[in-house]
Amino acid sequence: MKKFDLELAVGFFLIIGIGCLGYLSVKLGGMDFLGSQGYELEAFFSNSGGLKSGSAVVIAGVDVGRVKGVILDNYEARVSMDIPHDLKIQEDAIVSIKTRGLIGEKYVEITPGGSEEILKPGGRIRETQSPIDLEELISNYVFGKI
Amino acid sequence: MTFRRLMMTPIFFFILLFFSPVVSFGGTPTESVKDTTDKIIAIVSDPVLKTPEKKEEKARLIRAAVDERFNWKEMSRRTLARHWAKRTDQEKKEFIDLFGKLLERTYLERVEGYSGEKVLYINEVVDGKYGIVSVKIVTEKDTEISVRYKVKKKGENWLVYDISIEGVSLINNYRKQFNSIIVRSSYKELVGKLREKVGK
């Protein structure tokens with residue numbers, strides 16, 4: 001009887017362990033089992049600067065959503081974002097791709113607009129700002145000097 | 001055969017003319033931007049206006065040319081963003097005036113410093129009532145500056161509501177600055193700061 005208790009305890013422990021592992025891998029992998037909880041918006045950038053799906057979407061420094069995908073569309077980067085349902089994005093909002101720190105990861109920042117027109121799910125944010133290419137700026141500066 | 005071909009040519013051109021996108025009075029976005037740019041270049045290169053006594057007149061003429069092409073109300077609305085709706089009509093009017101003057105103060109000197117830079121019209125994208133005109137400014141030292149004019153159709157005219165220089169949007173820049181001032185202190189403070197800057 002005593003032996004059975006021990007085996008049961010180990011079994012439970014193992015199951016809980018596996019459960020934790022599963023939860024962790026889902027959480028860390030950024031997977032969504034229940035589907036997304038928000039709606040999708042898209043924006044076109046002339047340069048995505050290496051933005052990846054899963055990158056953060058930020059308003060006023062607060063994480064509000066995720067980048068769902070970055071694909072090439074007519075030689076432009078089409079970025080789709082997952083935005084929570086209760087967050088309204090105006091038609092004249094501006095999206096820019098930014099870098100954390102000087103060489104950190106890329107994220108998307110939305111600067112809210114003031115238009116009364118609210119973007120519908122699947123809508124497009126028209127005003128975009130691609131990341132600043134430091135290399136290009138430097139080369140412009142360097143070669144401009146000659 | 002030759003006769004038929006001869007007959008077809010005018011018909012073909014007629015059809016082309018008929019179905020080509022109607023060139024309205026406002027023209028295309030590029031034509032609109034080019035028209036204003038040419039006007040301003042003509043003013044700044046006019047030798048008669050180069051004397052110091054004519055400085056004010058020159059500034060007035062440039063401002064008039066810019067006013068024709070810029071939608072100041074739209075620009076102000078976009079810069080103030082979510083703070084715009086909270087303003088009274090009087091405040092809106094005042095802000096439009098101040099913002100226009102701020103841009104005038106910031107950019108007039110640079111425009112007046114024009115020294116034969118070439119303006120190349122690279123591309124134009126029209127999407128409904130919105131359009132983007134991509135321009136390259138080539139300086140004498142052969143440095144290229146890429147500028148994008150964002151235009152919106154108002155009536156028959158394409159009016160500028162934002163300018164991106166090297167990919168940095170003017171509206172976004174001011175929107176962030178103004179928002180942080182308003183959030184930190186108040187709208188009154190922003191107006192005070194603008195007045196101070198413009199009045200100097």
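Biologist: Which residues make the nonpolar surface patch of about 950 Å²?

Modeller: In this predicted model, the patch is made by A:Leu102, A:Ile103, A:Ile132, A:Leu134, A:Leu137, A:Ile138, A:Tyr141, A:Val142 and B:Val168. H2(A) gives the most, with 5 residues, while A:Ile103 sits in the loop between E5 and E6 of chain A.

Biologist: What makes these residues count as one patch?

Modeller: Patch members need over 30% relative accessible area and no salt bridge, and nonpolar side chains are joined within 5 Å.

Biologist: OK, on to the interface. Why is the pair B:Lys176 and A:Glu109 called a salt bridge?

Modeller: Their closest N and O atoms are 3.2 Å apart. The cut-off is 4 Å between a Lys or Arg side-chain nitrogen and a carboxyl oxygen of Asp or Glu, so the pair qualifies. Across the interface of chain A and chain B, the rule finds 6 salt bridges, and 12 residue pairs are in polar contact.

Biologist: Which parts of chain A supply that side?

Modeller: Strands E5 (94–99), E6 (106–111) and E8 (127–129) and helix H2 (134–145) each supply at least two residues. By type, the side of chain A that touches chain B divides into 5 nonpolar, 10 polar and 7 charged residues.

Biologist: And how much area is buried between chain A and chain B?

Modeller: About 1700 Å², with carbon and sulfur atoms giving 38% of that. In chain A, A:Arg126, A:Glu127 and A:Gln129 lose the most area to chain B, together 26% of what that side buries. The contact takes 22 residues from chain A and 20 from chain B.

Methods. Residues numbered from 1 in each chain as written. Chains lettered and ligands numbered in written order. Predicted model: local features only at pLDDT ≥ 70, side-chain atom pairs only at ≥ 80, totals over all residues. Heavy atoms only, no water. Contact = heavy atoms within 4.5 Å. Buried area = accessible area lost by both parts, 1.4 Å probe. Polar contact = N/O pair within 3.5 Å; in protein donor to acceptor, adjacent residues only side chain to side chain. Helix = DSSP H or I, 4+ residues; strand = E, 2+ residues; numbered from the N terminus. Nonpolar A, V, L, I, M, F, W, Y, C, P; charged D, E, K, R; others polar. Patch = residues over 30% accessible without salt bridge, like charges linked within 9 Å, V, L, I, M, F, W, Y side chains within 5 Å. Areas by Shrake-Rupley, 256 points an atom, 1.4 Å probe, with all protein chains shown as cover.
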